[in-house]
Amino acid sequence: MRKRISTAHAYVRGEGLGPLLIRSIAGTGVVRLGAMAASFVVGVQLARMLGVEGYGYYGLALSIITIAGIPGELGLPRLVTREVAGASARDDLPQLFGVLRWARRTALMLSAVMAVAAIAGVYLVSAGRNSVLGMAVIAGAATIPLMAMSRIQGGAMQGLGEVVRGQIPSLLFRPVLLALFLLAAYLSSIPVGTAGAMALNSVTALAAFVLSTIWFSRSLPRRPPGANQVSQGRRWLASSIPLALTDGMRALQTELTTLVIGLVASASQLGLFRIAMITATLAATAITVVASVVMPMIASLHASGQPAKLQKLVTSSAWAQFTGVCLLSAPLLVAPRPLLSLVYGPEYVSAAHALQIVVIGQIINAAFGPSVGLLNMTHHERRVTRAMGFGLVANLATVLLFGKLWGATGGALAFVIGLLCWNVIAWLDSRRILSIETSVWARAGSHNGR
């Protein structure tokens with residue numbers, strides 16, 4: 001037994017794709033699970049502190065900020081990860097420093113514009129009145145540029161091989177700090193309203209940006225003296241726009257569903273839908289963990305022309321995320337009502353059906369494998385945009401009717417329909433364009449090399 005443990009330990013610490021994948025997934029899993037736990041705690045704190053209606057307004061304000069942040073980031077974090085990983089694999093430092101400089105300047109400009117636009121938009125809609133929603137959006141607007149810059153710097157660190165540390169500032173440090181602030185407010189009997197909660201989001205975003213900047217500067221390779229930075233702004237912009245559209249449509253599948261539920265149903269139903277989505281995100285943790293690890297690896301293997309290793313990586317990733325989602329989903333499917341009552345309170349038990357629907361959708365999502373990450377990291381981001389577009393249309397075509405009929409449950413059903421739509425299209429594109437099988441149900445490598 002000791003010999004087996006020693007052999008396994010030596011393998012994990014060794015070189016090669018397998019040991020690197022295991023170490024990266026384990027480290028990322030710790031970060032992601034910690035982040036999910038912290039976000040879960042924040043959700044519980046806010047749900048109890050704000051009540052169903054107040055939490056509904058908070059969710060609506062957060063949706064507006066999230067949507068405004070999409071064009072502010074312009075898909076640049078994933079573009080940076082891909083380009084930095086490729087440049088690092090080729091030891092092309094001028095290209096590496098060039099894309100970093102271009103991405104940071106572009107993101108800072110765009111995200112600042114979107115923050116101002118969000119404030120102006122909510123001011124005009126509320127006609128200058130200090131509405132709850134308006135004040136919340138204003139208080140959280142600073143989050144847009146701060147998180148854009150943090151994610152770009154984190155994406156660069158992942159491209160440089162620091163997969164785990166690159167995710168810590170925006171994913172783990174920020175929600176942990178927010179949970180601590182809310183706990184301090186509770187212990188001090190300081191009331192935290194909807195606007196106050198959004199203001200705390202801005203404060204924690206600033207702290208995450210400071211930490212990511214310090215770590216990012218330490219991660220960069222030494223720049224050769226006198227080396228010119230290669231700038232390919234037009235090509236990078238041409239790639240970042242589809243990536244931004246993809247990010248936008250993926251976020252819109254959740255956020256527009258939230259907005260529509262807020263329009264056609266009550267604030268209480270909106271609060272129930274947000275709780276269902278936040279809780280179901282726990283089951284999808286394995287997908288985000290695996291995606292964060294394998295995306296820079298996919299870009300590196302593709303840049304160095306190793307299709308056999310790429311297929312092996314994708315197959316291993318698909319099974320890893322599918323197994324993880326199934327394990328995490330089990331308690332949410334078996335006992336959703338007791339869990340919702342225990343964690344959030346009896347008033348949130350009605351979110352059980354919506355929660356089960358979204359969890360089932362995430363299991364199927366995991367079974368399709370990392371098709372979206374594969375296409376994005378191999379310069380086929382336009383195919384992902386196309387897939388997400390069809391998914392968004394399917395989502396919007398159903399959420400108006402289902403949301404009006406069944407509230408939170410209808411919103412969950414519409415979300416899953418959109419999720420399955422883009423999954424099928426991206427999976428088929430991966431098989432047809434790259435001859436890579438991404439799912440868990442086909443023979444590993446059966447399409448590789450065709």
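pLDDT is the predictor's confidence in each residue, from 0 to 100; helices are DSSP runs of H or I with at least four residues, numbered from the N terminus. This is a predicted model, where local features need pLDDT of at least 70, side-chain atom pairs count only at pLDDT 80 or more, and totals for chains, interfaces and linings use all residues. Residues are numbered from 1 along each chain as its sequence is written, and side-chain values use heavy atoms, with hydrogens and water left out.

Over residues 444-450 pLDDT stays under 50. I found 14 contacts (heavy atoms within 4.5 Å) beyond four places in sequence for residues 444-450.

Histidine 379 has a phi of about 70° and sits in the loop between α15 (371-377) and α16 (381-406). Its relative accessibility is 41%, so I logged histidine 379 as partly exposed (buried is under 20% relative accessible area, exposed over 50%, partly exposed in between; 1.4 Å probe, protein chains only). Serine 435, in the segment after α17 (408-434), has a positive phi near 55°. Serine 435 is buried, at 11%.

Last, I turned to helix α7 (residues 168-187), which holds leucine 180. Leucine 180 is partly exposed because its relative accessibility is 48%.

How values were computed
Helices (H or I, at least four residues) and strands (E, at least two) are DSSP runs, numbered from the N terminus.
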